[in-house]
Amino acid sequence: MDWGPTLTRTIDLGYEQMLLLDSHPRTRIKVIYGGIWLTEENRVQDVFASSGDEVALKSRGLAVIEGLGYARVQVA
C-alpha cells in the first residue's frame, strides 16, 4: 500500500468547459457541486456525476471532464 502524500486540487469548471487529465487508476474525482460528464481513454462507458458523487478513474491515458453547467470538482 502506498502511504505517500496525496495531491488534491479543487477546480471550477464553467458552462461546457473541459478539463484534460492524465488518467491513472488511483485518481479520484469528487463533484463538490454541479454536474460533470467524464470520459476516459480505453473505457467503453462514460460517467455522469453530480454533487456529492465520487468517481475513481479506471484506466491509463487521457481523461476528459466536462462541466454540465457550472461545476466544482476535487481531483486527488
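# Briefing: side-chain pairings, a surface patch and a buried valine

A search of the whole structure, which is a predicted model, finds one aromatic pair. The pair consists of tryptophan 37 and phenylalanine 48, and its geometry is stacked. The count of salt bridges comes to three. A nonpolar surface patch of about 470 Å² is also present, and valine 55 in strand β6 is described at the end.

**Aromatic pair**

- The rings of tryptophan 37 and phenylalanine 48 are 5.6 Å apart, centre to centre, with 20° between their planes.
- Tryptophan 37 belongs to strand β4 (residues 35-40) and phenylalanine 48 to strand β5 (residues 47-50), so the pair ties together parts that are 11 residues apart in sequence.
- Tryptophan 37 has a relative accessible area of 33% and is therefore partly exposed.
- Phenylalanine 48 is exposed, because its relative accessible area is 57% and the cut-off for that class is over 50%.

**Salt bridge between aspartate 12 and arginine 72**

- The side chains of aspartate 12 and arginine 72 form a salt bridge with an N to O distance of 2.5 Å.
- This pair links distant parts of the chain, since aspartate 12 is in strand β1 (residues 9-13) and arginine 72 is in strand β8 (residues 71-75), 60 residues apart.
- Aspartate 12 is partly exposed, at a relative accessible area of 44%.
- Arginine 72 also counts as partly exposed, with 30% relative accessibility.

**Salt bridge between arginine 28 and glutamate 54**

- In the salt bridge of arginine 28 with glutamate 54, the closest N and O atoms are 2.5 Å apart.
- Arginine 28 lies in strand β3 and glutamate 54 in strand β6 (residues 54-56), so this pair ties together parts that are 26 residues apart in sequence.
- The relative accessible area of arginine 28 is 37%, which means that this residue is partly exposed.
- Glutamate 54 has 42% relative accessibility and likewise counts as partly exposed.

**Salt bridge between arginine 43 and glutamate 40**

- Arginine 43 and glutamate 40 meet through their side chains in a salt bridge of 2.6 Å, N to O.
- Arginine 43 counts as partly exposed, at 23% relative accessibility.
- Glutamate 40, by contrast, counts as buried, because its relative accessibility is 4% and the limit for buried residues is under 20%.

**Nonpolar surface patch**

- The patch of about 470 Å² is made by four residues, namely Tyr15, Ile32, Tyr33 and Tyr70.
- Isoleucine 32, one of these residues, is located in strand β3 (residues 28-33).
- Isoleucine 32 counts as partly exposed, with 37% relative accessibility.

- With 10% relative accessibility, valine 55 counts as buried.
- Apart from neighbours within four places in sequence, valine 55 is in contact with Thr27, Arg28, Ile29, Leu38, Val47 and Ala49.
- One of these contacts, Arg28, is the residue that forms a salt bridge with glutamate 54.
- Valine 55 and valine 75 are separated by 20 residues in sequence and by 9.8 Å in space, C-alpha to C-alpha.

Notes:
Residues numbered from 1 in each chain as written. Predicted model: local features only at pLDDT ≥ 70, side-chain atom pairs only at ≥ 80, totals over all residues. Heavy atoms only, no water. Phe/Tyr/Trp six-rings, centres within 6.5 Å; stacked < 30°, edge-to-face > 60°. Helix = DSSP H or I, 4+ residues; strand = E, 2+ residues; numbered from the N terminus. Buried < 20%, exposed > 50% of the residue type's maximum accessible area, 1.4 Å probe, protein only. Patch = residues over 30% accessible without salt bridge, like charges linked within 9 Å, V, L, I, M, F, W, Y side chains within 5 Å. Areas by Shrake-Rupley, 256 points an atom, 1.4 Å probe, with all protein chains shown as cover. Contact = heavy atoms within 4.5 Å.
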